[in-house]
Every structure is written in structure tokens, then in C-alpha cells.
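Open your viewer and get ready to select as you read. This tour goes stop by stop, and each stop tells you what to pick and what is there.

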Amino acid sequence: MSDNLQIGRDGRLRHLLTMEGLPRKLLLQILDQAEHYAADRRAEGAHGDKKHPLLHGKTVVNLFFEASTRTRTTFELAAKRLAADVINLQVSASSTSKGETLLDTLKTLEAMQVDMFVIRHEASGAAHFFAQHAAPGVAILNAGDGRHAHPTQALLDMFTIRRHKPDFSKLSVAIVGDALHSRVARSDIHALRILGAKDVRLVAPRPLVPTGIEHLGVKVFNELEAGLDGVDVVILLRLQTERMLGAFLPSTGEFHRDFGLTRERLARLKPDVLVMHPGPINRGVEIEGDVAYGERSVILEQVAHGVAVRMAVMAMILGEAA
Amino acid sequence: MSVLIKNARILDPAAGTDAVGCLGLRKGHIDYRGIRAPKAAYDEVIEAKGLWLMPGIIDLCARMREPGHTQKATMRSEARAALAAGITAVCLPPDTRPVIDNTAVVNRVNRIAKAAAGTYVYMLGALTKGLEGQALSEMSALKQAGCVGVGNGLAPVANTLIARRALEYASSLGITVHVVPLDPSLANGGCAHEGAVATRLGLTSIPVSAETVAMRQWISLVEDTGARIHFGRLSSARGVELLQSAQRRGLPVTADVAAHQLFLTDADLEGFNAMAHVIPPLRQAQDRDALRAALKSGVIGAICSDHQPHEADAKINPFPLTEPGISALETLLPLSLRLVQDGVLTPLQAVARLSLAPARVLGIERGSLAAGVAADLVLVDPSAAWKLNPADLLSRGRNTPFAGADFKGRALRTWLGA
């Protein structure tokens, strides 16, 4: 059902809700389009101001029910570089509980002739909900729903990996940390499977491993050394320390001791291993500070690629046939 | 008004009989039963060849939403929907607003039910005051006022000492304690069965152990006290095993299952289908199959609707924010008939699970078709083919995961005995 919702009868992307069920061809098309935007940017240098006025006259609303600056900013930048009008709305959960339902919020904004909603919400399934209820022609772009999906993060992760290691069929990728609460982990796993990664692993202590995750096509490791043995890419997940302590893990210190990526541990991995993290990082928890900005880290590249990838998605959904 | 029903297939689980015959009712009582038609005259004669005649359905758990939640439904709307669906008696859990924890509320619910003039309404009293799990309710007074059992709804009794004393107290009064087994810490506010589907959809999950931990705890207390317990809405194969082992050891433990648990699984949540959001959650195919097998063997004695009608808005939200529950009165009989069509139950077994068994759980004199008893009857057309259109439901709640489903069989006419 999810792929029917996001892909139109003509095979074009209508909404982007999840990586699950996204055809490989479409995924590659997004990455190629993003490559095009990223290349333009590089050619012009950091101060270039070239716009691709594909979305001129279109209105994009960033509708965030969860606090976010980084993700929202990259969506805003992406829409502006495509010459769209952008409105940012940070809606607190409390204002929607005062009588106005989520549906009311959607319909009210829709009445203002919005072409695309970029939505982040703490409830899994929120993006599907909006897509089911959106008027025809109004697109929904999922910027993160609960623990379910964060498809543009997965796309920019794939984009970053592909730049360094273009042949996914040879790749062994380890996702390390709190997969239980992570929409990034789920979306990355789907994307890696779609692109045919040879070996996808999840490395985490048992309380942070969601039951049945192996059905998504990952091998589960509860121990870091075995989990990282021979991998080409390490994707570290953010540990949400405030909700972890006591209930899931004894301490951040103990997590770092057993699962943190240190310089010493990094030295035992393949010399060309990529270290990734969706940010924001917890220094000294899932990663040591100097590893985060060390030579194997592509964490800042990920951030930079976020704009190009989001431009590509917006252009494919709203632009004239790409 | 007197009625003679001729040549029906009479399914009487109390007598263990399944045979074609005639049945007469007069002044709300069954006054004749035999193979041939009686000589006496009746106001109305119904030729019922090919139809089933069974005792009225007794639904062990239906929320009529009144008092307290009339934006969802009213006693009037639901009591009439029940009657049209062949349900002649329902049992309300105590979680109305206000809670049924004193005789004034019992009397008020009785008044509302009487005015609604639909199905007969029984109710459970609260096990603890305000369902808060802290202090015992006045169970003796509640029983006196007409409560047919006590329970704590979906609210936990966190303190096991209070739970044990409540069991002792109820048992000394001869009252059955109804328990929906769901450990609150393990359930942890989840909205789906813990498994691959919930993981993929990112839904907070409820493990099977939420059910089994609670069951083990209550069974341990039954071992101590000998109190009679009825487990409502079982959802798992492991729960069935625990129930069976307790019964084998001679413990006074019975159980029911909601009809939807016999057909749906967590796969029905696909696409964030809020209509399949229920508590306890839909589990997996092997759980559904174990529930069906236990129903056939009689380990699970009764099927109930677990009716929870909602206003449309309650389901218009992202899945985790929707309210759980199904508007289920009008699918209780059709789904039970589907069990017969699927070869899970014989017609007589299905009828027993819907009428006699729940009557025994509640300790009420219903569920029989013997001459002389109150005539709670349903005439069923077992072969009528129809498609469920939510707009056609008589219940105010249109929240059903069976929209568009094809059914065979439905209630044609219901009589309420005197």
C-alpha cells in the first residue's frame, strides 16, 4: 500500500513517504539528479548563487511538529534553490491538542494553495496519514515520522556512500546503536537492500534491537568487534540519552565502552572505511570527538549532500517531467 | 403477541440438540417445542425452512458509550444495533464515565438501558474504586444492585496484594472477577503486536509477555484463593497454553476471545490501517490459529464482540494517535458464522460459544431454548450473502476493519424474552 500511495499510476513519484518499496530505478534517478545539483554547486564555488527555477511559482510548506533546525534548514535551502516560495511552520504538539486536529491543520494550510508539505511528526505513520488525506496534486514529503521513516536522510546517506564506493553489491555496511527508536536505521536498511548491498548489519545491545528487524534483511550483532569486522561503511546512530538512561542502558559511559567508535577501534577496521552519522552527534557516546571529524569521517559531507538530495526529490515530485 | 416458527433448524446448546422442528412463543416465553406444528393457534406463523433458530446472543463485552461518551454512541443507538444483530444481552465493562463502582451508577445505567428499549443490558462492577487499583469497591452492594461480575476494565491493579484481597473478597461473595490480562509495564502504551510488522512500521509494541505475565500473576492468585476468574479478550497462543494448563489443574478459570482476533493479524495493520488498531493488539497467524483451536476445544468458552464504537474523528489521525477499538456488534454473528463456514466450529458449537457459554460466565438464566424459558431467540439466515458497508451499520460507530467484506449469514429477526 505504501508504494502505491507514493508512486502514481504513471510510475512517477507523487509523495516521498518511505524507502520501503521504492523501485531501484527511481531511487537511482533521485541520486543521479542530486549528483547533477551537487556538481553545479561545486562548479560555481561556495559563493555561487545559481538557481534552478524548476519550482518557480510553487509553494512549499515546512510543517514541523517536532523541533528541528538542521533538517528544516536543508529543506528550506533546497526549496529556495529551486525558486519555490517557502513557509516554515513549527507547530507544537500542544496546539494541535487544543481542538484542532491534524486534519484541520492540513486542510487549513491546503486552502492557501500549497503544492508540497514537508512534514515531520513524532507519530509513526504521520506522513502516510497526510498523504492519504491530501488533496489531489498536493505532495507530501516525509521529513521524519516517529520511528518509522526518514527517507531523505537515507537518500543522502546512499548518495554519500555512492560517491566513495559506487558498487553497492560489494558493500558490507554496519549500522550501530539505537535502532529501536531510529527512523534513520529503518530507512537506511530499506535503501541499502534496494541498492543491493551485499551485507547489512545492525550492531546494538539487545534492548535497542527492535524485535523482528532481521525480516528487513539485516544481520544482528550484539557485540561491536564482530559486528564491524570487515565492514566498508559504519553508520552510527544518535543515542537519545535523555530517554535511554536507566531504562534501556545503564549509562552512556558503558555504551561508549562497548559500542562507541574510538580511534583505537577505527584503526582495526579497513583503511578505507567510511564513518557516517546522521547528526547531531553525542561526542564521547556513540563516537569519539576526533573520529567524528577525522579523515575517515564523511559526516560533514552528509550534511552538505542533504541539500542536493532534497532538491532532487522536490524537483522530481513537483517539477515538470524530469 | 404469539408466534409460531415452523420447520427451523433449532440449535439448542443447553440440550445439545440440533434438529429441525417447530417452536412457539407466547407472552415472551417459549410455550411449545416439537417436531410437528402444534394445534394451538398463533398470531403469526413463520415458515423457517432452511433457517436457524438459536438462543439470543450474549455478548460478554460491549461498550455502549453511555453514560460518559455519548459523542461516540448512545445506549439507544447501540442497544438497537445489538438487537438487530441477534444480540439479546450485552455485558458492559465498568469503565463508563462515571465508573460503575457504586449502586447509584448501576441504577443509572439500568434506567438508561431500560429507556433505550433495545437489548438487555448487564454490567460488571468495578473491582477497585474508580478503577484506580488502590481500594476495593463495595462489591457486595454492586452485586445486590445487579452487577453480574466485577472487573477493572483495561486499568491495571498494580499492587498484587490489593489484587489478591480483591479476589478473596469477590470469591467470598460468589462473584466472578473479569480480567483483561495486560501487564501495564510491558504494554507500555504500545499500539501494535511486537514483531516484524510493528518494527517495520515503527509502531510502539506490546509483547506477548504483556498478556502472559498478567495471566500468570492472576493464575497464581487463583491458586492461592480459589477465586473464580474470567479472562477476557485473549490474544496469544502462549496465553491459550497458560489457560489450558490452569484448567487442566482444575482451577476455576474461563476465557473469551473477541471475534476479530479469530480473523485478523498484525498484517492487517499494513499501510497504517487505524481500523485494525485494537487493544490487546492483533497478533500473528499462529496466535489466531491457536485461538481458533482453543475455541473449538472449548478451552476458550465464549466469543464476544469487544464492541467499541467511535466517532469518525477518533480514527482520523496517524495510527498511534487513533483510539483503539472496533464497532463490532454487527459483525459478531457474521464472523461466528464464518467460523462455521471455515470448518472451525460446528453450528451447535458456534451457537454455544455465543449464548450458553457466556450466560454461564455471567451466571444468568439465558442461552436455552427449553419450553417454559424466556424467549430470547434469533432467527438466522445462514446463507444470506451480503457485503458490509459501514454506512449501513445501525451502530453509531462506523469504525470497522471489515468494510467491504463479503459475509454469508445474518440475523433475520430477534425476539427478546420476558
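## Stop 1: chain A as a whole

Select chain A: of its 322 residues, 60% count as buried, where buried means under 20% relative accessible area, exposed over 50% and partly exposed in between, with a 1.4 Å probe and protein chains only. Keep in mind that this is a predicted model, so local features need pLDDT of at least 70 and side-chain atom pairs count only at pLDDT 80 or more, while totals for chains, interfaces and linings use all residues. Residues are numbered from 1 along each chain as its sequence is written, chains are lettered from A and ligands numbered from 1 in the order in which they are written, and side-chain values use heavy atoms, with hydrogens and water left out.

Along the principal axes, the C-alpha atoms of chain A fill a box of roughly 55 × 50 × 35 Å. Among contacts (heavy atoms within 4.5 Å) in chain A between residues at least 6 apart in sequence, 72% join residues at least 24 apart.

## Stop 2: the pockets

Rolling a probe the size of a water molecule over the atoms shows where empty space is left. On a 1 Å grid over the protein atoms alone, a pocket is an open set of points with protein on both sides within 12 Å along at least five of seven lines, a cavity is a set where a 1.4 Å probe fits but cannot get out, and lining residues have an atom within 4 Å of a point. Grid points are joined across faces, edges and corners, and a volume is the space filled by probe spheres set on the points.

The largest pocket has a volume of about 1000 Å³. Select A:Glu66, A:Arg120, A:His150, A:Arg183 and A:Gln240, the closest to its centre of the 40 lining residues. Which helix gives the largest share of this lining? Show H14(A), which supplies five residues. The lining divides into twelve nonpolar, 17 polar and eleven charged residues; Ala, Val, Leu, Ile, Met, Phe, Trp, Tyr, Cys and Pro count as nonpolar, Asp, Glu, Lys and Arg as charged, and the others, Gly among them, as polar.

Next comes the second largest pocket, of about 610 Å³. Among its 26 lining residues, A:Leu180, A:Pro207, A:Thr211, B:Glu194 and B:Ser205 lie nearest its centre. H5(B) gives the most to this lining, with three residues.

## Stop 3: the cavities

The whole structure holds two cavities of 30 Å³ or more. The largest cavity has a volume of about 140 Å³. Select B:Cys61, B:Pro93, B:Gly153, B:Val180 and B:Arg233, the closest to its centre of 20 lining residues.

The second largest cavity is about 30 Å³. Its lining includes B:Cys191, B:His193, B:Leu269 and B:Phe319, and divides into eight nonpolar, two polar and no charged residues.

## Stop 4: a helix in chain B

Finish on H7(B), residues 208-225. Among its buried residues are B:Trp218, B:Ile219, B:Leu221 and B:Val222. Just after H7(B), B:Gly226 takes a positive phi of about 75°.

Conventions:
Helices (H or I, at least four residues) and strands (E, at least two) are DSSP runs, numbered from the N terminus. The expected span of a helix is 1.5 Å times one less than its number of residues.
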